[in-house]
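This report describes one protein chain for a reader who is new to structural terms. Please keep the sequence and the 3D view at hand while reading.

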Amino acid sequence: TLAGSIYTRGVIKQDAARLQEEIASRIAIEIEDFIRRKVERLVDFSGSASLYEMGGKEHRLLALLLLKNDRAFTEASILDESGMEVLKVSERRVYLPGELADQSGAEKYKKAIKGENYISEVYTSDKAEPYVTLSIPLKITPQEVLGVISVEANLRILWEVIGEIDFGRAGYAYLVDGRGNLIAHRDPSLVLKRTNLRGLNQIQEFLRNPGGMDPSPGGEDKGITGERVLSTFAPVRGLGWAVVLEEPVETALAEARQAEGYAYLLLGLGMVGGALIIVWVSNKITGPI
């Protein structure tokens, strides 16, 4: 019975590891595609903006349409070749000409002006909602960079993606950035509290090798709620984030424990039945003697 119990637990953990690894990888790819589509939208915007005068009314109209057509974008700006903002629009406020600033020292400018796409680390608003800054070069020709287009993207939609993950009996998912900060979880209050998870073993393993897969998927560790869980992570490549899946050990092994209970019950009944048979047979033999 003990050997069977150990074997059954091992099989359940292996199955959980395979399922978690598959789901985590799929969600990581979905998040990668989400960011990729945002960059592609900016590239389309850049193609249209390159036809007009820097900071002109056409640029303002295009920027406002960008925010309207993609609700993840909350703010957009256009920087000239020197890094000075020539246009800035937002869904939250109106920027006056005197509020436009020199961004020549910002990473979003320094990367994009060299012809590279830029994605910032995750940061939070005053409401603790997660954001990233995206910027791309504004090109007149494939080789000539005229300026930089930059946007703020709200990642709150990822809360819905992560919140819909459901597997096993009580499995759940969450998303962390490259510093172990919680970006998305089915319980938004944990994100709003700016929860950092560097203390968890599975997060430490991810931070040691941000681009690699979990070397021990389905491993047993302490989870985000403090209970023992079977956990697996998958990196979101190109962003330095990770999708983490957890399932409480008690729930994952519930069927095994139930089977163990039946096995021990049958064992007990067998032993009692065997003892009664031995006594009966013994009496049959020793009685005549």
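## Basis of the report

The model is predicted, so local features need pLDDT of at least 70 and side-chain atom pairs count only at pLDDT 80 or more, while totals for chains, interfaces and linings use all residues. Residues are numbered from 1 along each chain as its sequence is written, and side-chain values use heavy atoms, with hydrogens and water left out.

## Overall make-up

The protein chain has eight helices and eleven strands. Helices (H or I, at least four residues) and strands (E, at least two) are DSSP runs, numbered from the N terminus. Of the 289 residues, 43% count as buried. Buried means under 20% relative accessible area, exposed means over 50%, and partly exposed lies in between (1.4 Å probe, protein chains only).

The chain exposes about 15500 Å², of which carbon and sulfur atoms supply 55%. Accessible areas come from the Shrake-Rupley method with a 1.4 Å probe; for residues, only the protein chains shown count as cover.

## The nonpolar core

A nonpolar core is a set of buried Ala, Val, Leu, Ile, Met, Phe, Trp, Tyr and Cys residues joined through side-chain atoms within 4.5 Å. The largest one has 60 residues, and Ile31, Leu155, Trp241 and Val243 are among those with the most contacts inside it. Helix α1 gives the largest share of this core, eleven residues.

Contact means heavy atoms within 4.5 Å. Leaving out residues up to four places away in sequence, the residues that Val243 touches include Ala24, Ile31, Tyr174 and Phe233.

Which strand is largely enclosed by the rest of the structure? Strand β10 (residues 228-236) is, because eight of its nine residues are buried. Two strands pair if DSSP finds at least two bridges between them. Strand β9 (residues 219-222) runs antiparallel to β10, with four bridges joining them, and Asp221 stands opposite Val229. Five residues lie between β9 and β10 in their hairpin, where Gly226 in the turn has a positive phi of about 95 degrees.

Strand β11 (residues 241-248) pairs with β10 in the antiparallel sense over eight bridges. Pro235 has Ala242 in β11 as its bridge partner. The hairpin of β10 and β11 has four residues between the strands, and Gly238 there takes a positive phi near 85 degrees.

## Salt bridges

A salt bridge is a side-chain nitrogen of Lys or Arg within 4 Å of a carboxyl oxygen of Asp or Glu. By this rule the count comes to 16. Glu75 forms one with Lys88, with the closest N and O atoms 3.9 Å apart. Glu75 is buried at 11% relative accessibility, and Lys88 is buried at 14%.

In another salt bridge, Glu152 and Arg92 have their closest N and O atoms 3.1 Å apart. Glu152 lies in strand β6 (residues 145-154) and Arg92 in the loop between β2 and α3 (107-112), so the pair ties together parts that are 60 residues apart in sequence.

## Two single residues

Ser46 belongs to helix α1 (residues 2-49) and is buried, with a relative accessible area of 8%. Its contacts, not counting residues up to four places away in sequence, are Ile136, Pro137, Leu138, Lys139 and Ile149.

Most residues other than glycine have a negative phi. Arg194 has a positive phi of about 55 degrees although it is not a glycine. Arg194 lies in the loop between α5 (188-192) and α6 (201-208) and counts as partly exposed at 46% relative accessibility.
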